[in-house]
Amino acid sequence: MTDSVPRAATPKTGKRERLADAAAKVFHEQGVEKTTIADIARAAEVPVGNVYYYFKTKDQLVQAAISAHARTVQEIIAALELFDAPAERLKALVRGWVDQRDLAAQFGCPSGSLATELDKRADGLDRELAIVMRGLLDWIDTQFAAMGRTDSHELAVALLAAYQGISLLTNTFRDPAMMEAEGARLERWIDSLVPAT
């Protein structure tokens with residue numbers, strides 16, 4: 001979900017942020033349990049010893065990855081806010097998801113995959129990720145409300161659920177065309193909700 005909309009390139013500052021971004025990427029590609037600290041160090045292009053300077057445990061790296069997801073969601077929302085109309089913002093969100101269809105086919109949704117994995121643990125990290133995902137859900141809700149929809153929350157849940165579902169199917173069948181077709185359907189659906197003027 002969080003790496004799904006292209007955004008302006010932002011300069012990365014410091015090893016901590018590079019490690020957090022690398023952790024998010026490697027956890028997405030390999031899963032938390034299969035990932036080693038050495039994998040993250042390699043992806044961040046820093047010596048393994050440097051990882052321990054910033055993060056003492058793998059769980060701290062998971063928290064850093066969640067923070068990286070949160071930062072990405074904020075960047076995505078900021079980019080989407082540049083569109084004039086709420087329906088255009090929502091359709092741009094959908095197009096961003098579709099643009100990442102090959103990544104979804106290979107690894108699934110970055111946030112959704114991590115949420116599913118963290119839910120199997122009893123350490124509360126799943127709740128931290130839920131807060132990040134709630135931020136996007138609330139933003140979607142706000143867009144539907146701005147369109148005059150009194151059922152904005154239900155519509156927001158439906159849109160996010162449609163994305164999570166198609167991410168799962170795209171990944172399961174390794175078929176990016178599934179996400180492309182669903183994206184087109186979602187854009188038509190959003191257009192159908194715009195009040196007539």
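This is a predicted model: local features need pLDDT of at least 70, side-chain atom pairs count only at pLDDT 80 or more; totals for chains, interfaces and linings use all residues.
Local features need pLDDT of at least 70 and side-chain atom pairs count only at pLDDT 80 or more, whereas totals for chains, interfaces and linings use all residues. Residues are numbered from 1 along each chain as its sequence is written, and side-chain values use heavy atoms, without hydrogens and water.

**Overview. The protein chain comprises 10 helices and 0 strands.** Helices (H or I, at least four residues) and strands (E, at least two) are DSSP runs, numbered from the N terminus. Of the 197 residues, 46% count as buried (under 20% relative accessible area; exposed is over 50%, partly exposed in between; 1.4 Å probe, protein chains only).

**View 1. Arg71 forms salt bridges with Glu17 and Asp21.** A salt bridge places a side-chain nitrogen of Lys or Arg within 4 Å of a carboxyl oxygen of Asp or Glu. The N to O distance is 3.4 Å for Arg71 and Glu17. This pair links helix α4 (residues 58-80) to helix α1 (residues 14-30), 54 residues apart. For Asp21 and Arg71, the closest N and O atoms are 2.3 Å apart; Asp21 lies in helix α1 and Arg71 in helix α4, so the pair ties together parts 50 residues apart in sequence. Glu17 is buried, at 18% relative accessible area, whereas Asp21 is partly exposed at 23%.

**View 2. Glu180 and Arg101 meet in a salt bridge at 3.8 Å, N to O.** Glu180 in helix α10 (residues 176-193) and Arg101 in helix α6 (residues 101-107) are 79 residues apart. Glu180 is partly exposed, at 42% relative accessible area.

**View 3. Glu33, Asp59, Arg121 and Asp123 form one network.** Salt bridges that share partners join these residues.
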